[in-house]
Amino acid sequence: MYDTPNSERDVDQKEIKFSARDVQVFYGDTHAIKDVDVDLEDKTVTAFIGPSGCGKSTFLRCLNRMNDTIDVCRVEGDIRLDGEDIYDKRVDPVQLRAKVGMVFQKPNPFPKSIYDNVAYGPKIHGLARTKGELDEIVEKSLRRAALWDEAKDRLETPGTGLSGGQQQRLCIARAVATEPEVLLMDEPCSALDPIATSQVEELIDDLRSNFSVVIVTHSMQQAARVSQKTAFFHLGSMVEFGETGHIFTNPNDERTESYITGRIG
Amino acid sequence: MVFTLFALVLVLAAAAYLASRNRAARVDAAGDAALHSRPSYHGLHSALWVLMAGLGVLVISTIGATWFITSTLMNEIAQARPDAPLIEHQLILSDARAIADGRISSGSDMLREQVADRFAGLDRIRNVVVIVLTLGAAILGGVLSYLSISPEWRARNRSETVIRAGLLVMAVIAILTTIGIVLSLIFETVRFFNAIDWQLHKFIFGTTWSPLSGVFEGKMDAEKVGALPLFAGTLLITLIAMLVAVPVGLFAAIFLSDFASKTVRSYAKPMLEILAGIPTVVYGFFAAITVAPFLRDTGEAIGIRVASESALAAGIVMGIMIIPFISSLSDDVINSVPQSLRDGSLGLGATKAETIRQVVLPAALPGIVSAVLLAISRAIGETMIVVMAAGQGANLTANPLEAVTTVTVQIVALITGDTEASTAAGPAFTLGFTLFVLTLLMNMAAQRLVARYRERYD
């Protein structure tokens, strides 16, 4: 994907979705994120890579203000979604999160039926006026998450009864059902086997046509396979950001090169 | 003397432990063959044998010798006073013992002095016999196990077998106690039902409860053992208590687990737990002296007649007592709902309230249901509050402003009343048995319910 010239040319024309300037994050006294500047483009998959504890997940959680739920966490700097400051006092984090969906590392289906799992977001945000509309949204979301064929005959069974890979696709369906503009994925494949991983990766590539996707991953192969842009984080700083092909073949920073070639990590 | 011997056996066991362990260590150091068990296991094995032999013989010989002395002396007393009743024989014996021990006896005569002398003589012999047998057995056990130490001696396996047997005995004691209690309940219940010719419907559906009114004629009056008002009263008070405790406790738990800041939580939780530490008797007089008069006065002020002992007062205070029970159990359950579920919901743009109502509470429901059912069991069995605040008269009513009585109150009244215990025991045990069956059924239902939800939600 990253090596097809076509998609690279696509990327160049995309508009900026998220723009972050001078972002600092503190956990109590720990300075977890330092001076991050980045522009994330619409309808693009951006991968955050870097060694454990480098702050890539923390930065991801800044983008939908999930860090607000952690008492000791403090975010400074300027993050704009479509030009609007998301940390502005007038912005309701609840509405922001409806626009910026999130898929977590471990599949976390609710203890409800498959149908109710997917219908959860649309119901909360009032996206469907009738049962028929809701059914439609559920089907569409499950189809997008490539789960419809496996789940259509068991929509009323608990989501927790699915296999790990199916659960993660259910969580993706749940996230896309609210029609977000951006989808954040925090190591979505780390708990999955290779087959499920490749299914989710295919899915991410499909989702790109509708959403801007940001994915945190430990696997550099995965970043190379699914993303058009890659950001490398190290010790809380964003060391390098650019075209995925460029980062992986010809990094500017020697720390990036060391990580990619396996010398640090 | 028994305690001295007991201590002595413990000392011997410790000595056996050290001696055997050292011998095993020496055998090990000699290096002819590797020891099967570590030296400490050889020590343990010896110590266990000393303890088992010593304490076993101590108990058996003490009981046996005491029984022998008692029966010998009783025989002698019976020969000296053949026409006196058994109870007087027993009195003479206990007086003789008192004289022998230098305590105060109820009377003194030739026979008593004589028996006291005999008793003192036999008692000395008994002491010697018990001491010799106990120490002999303990030492024998120690020496035999000491001598059996060799590299291939499986001391570890053997001592583990002994310990396993000990654990089994403890488990059996716990189970047998339970079975014993249930059996005694059942026997007394059957006796009671025999006395009313098995007219079970009179007990279950009768509305007049005055079980002891006929006992002076020597029989139970089946018309007056209707326990319905008692169970209705229990139910009414439990219902009121739950109406107080479930909302307050559950909402307090939700607040503490999901909304309170760390500081608030660190003060509020211990405060709630203090509520759980207040003895029920304190709640009882709080209900009787503070809450009941307050309700009565308030009722009068707005023109409603409230009895000075009302189901409402008892129920409210019982509810307050149960709040920490529900809140602390529910808090644990709600806290154990994984954070990932909350994150998942918040990440979809749900508010905190939506998250709690639609994700956290359904996931915590089995635990909350079982907490509530446990609380109901407690409310049904609670005694002190209702004894003081609910009233005594068996009054069949659904009006919470009137005095009602409960099963537990009537059991207390029967057992602490003036009627002879053996007569009052029948109805009391029957009520107790019914209460036991009810709580048992409810706990079983709770477990069923929880198991079913578990299947659905995990």
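A: The contact takes 24 residues from chain A and 19 residues from chain B, where contact means heavy atoms within 4.5 Å. This is a predicted model, in which local features need pLDDT of at least 70 and side-chain atom pairs count only at pLDDT 80 or more, while totals for chains, interfaces and linings use all residues. Residues are numbered from 1 along each chain as its sequence is written, chains are lettered from A and ligands numbered from 1 in the order in which they are written, and side-chain values use heavy atoms, with hydrogens and water left out.

The size of an interface is often given as the accessible area lost when the parts come together. Between chain A and chain B the buried area is about 1800 Å², and carbon and sulfur atoms give 61% of it. Buried area here is the accessible area (1.4 Å probe) that two parts lose on being put together, summed over both. On the side of chain A, the residues that lose the most area to chain B are A:Pro111, A:Tyr120 and A:Ile124, together 31% of what that side buries.

The elements of chain A that give two or more residues to this side are α3 (93-99), β6 (100-103), α4 (114-125) and α7 (164-177). Helices (H or I, at least four residues) and strands (E, at least two) are DSSP runs, numbered from the N terminus. By type, the residues of chain A that touch chain B divide into 13 nonpolar, seven polar and four charged. In this division Ala, Val, Leu, Ile, Met, Phe, Trp, Tyr, Cys and Pro count as nonpolar, Asp, Glu, Lys and Arg as charged, and the others, Gly among them, as polar.

Which links join the two chains? Four residue pairs, both at pLDDT 80 or more, are in polar contact between chain A and chain B. A polar contact is a pair of N or O atoms within 3.5 Å; within protein, one must be able to donate a hydrogen and the other to accept it, and residues adjacent in sequence count only if both atoms are side-chain atoms. The count of salt bridges between chain A and chain B is zero, a salt bridge being a side-chain nitrogen of Lys or Arg within 4 Å of a carboxyl oxygen of Asp or Glu.

Over all chains, the whole structure has 34 salt bridges. One of them joins the side chains of A:Glu179 and A:Arg144, at 3.9 Å from N to O. This pair links distant parts of the chain, 35 residues apart: A:Glu179 lies in the loop between α7 and β7 (182-186) of chain A, and A:Arg144 in helix α5 (residues 131-144) of chain A. A:Glu179 is partly exposed at 42% relative accessibility, and A:Arg144 is also partly exposed, at 22%. Buried means under 20% relative accessible area, exposed over 50%, and partly exposed in between (1.4 Å probe, protein chains only).

In chain B, B:Asp258 and B:Arg342 form a salt bridge whose closest N and O atoms are 2.8 Å apart. B:Asp258 lies in helix α7 (residues 228-259) of chain B and B:Arg342 in helix α11 (residues 339-347) of chain B, so the pair ties together parts 84 residues apart in sequence. B:Asp258 is buried, with a relative accessible area of 11%, and B:Arg342 is buried at 8%.

A:Ala20 and A:Ile79 are 59 residues apart in sequence and 4.3 Å apart in space, C-alpha to C-alpha. Not counting residues up to four places away in sequence, A:Ala20 touches several residues, among them A:Val36, A:Val38 and A:Phe59.

How confident is the prediction for chain A? Its pLDDT averages 88, and 94% of the residues score at least 70; pLDDT is the predictor's confidence in each residue, from 0 to 100. Confidence in chain A is lowest in helix α1 (residues 5-13), at a mean of 48, and highest in strand β3 (residues 45-49), at 94. Over residues 1-11 of chain A, pLDDT stays under 50. Where pLDDT is low, the predicted coordinates should not be read in detail.
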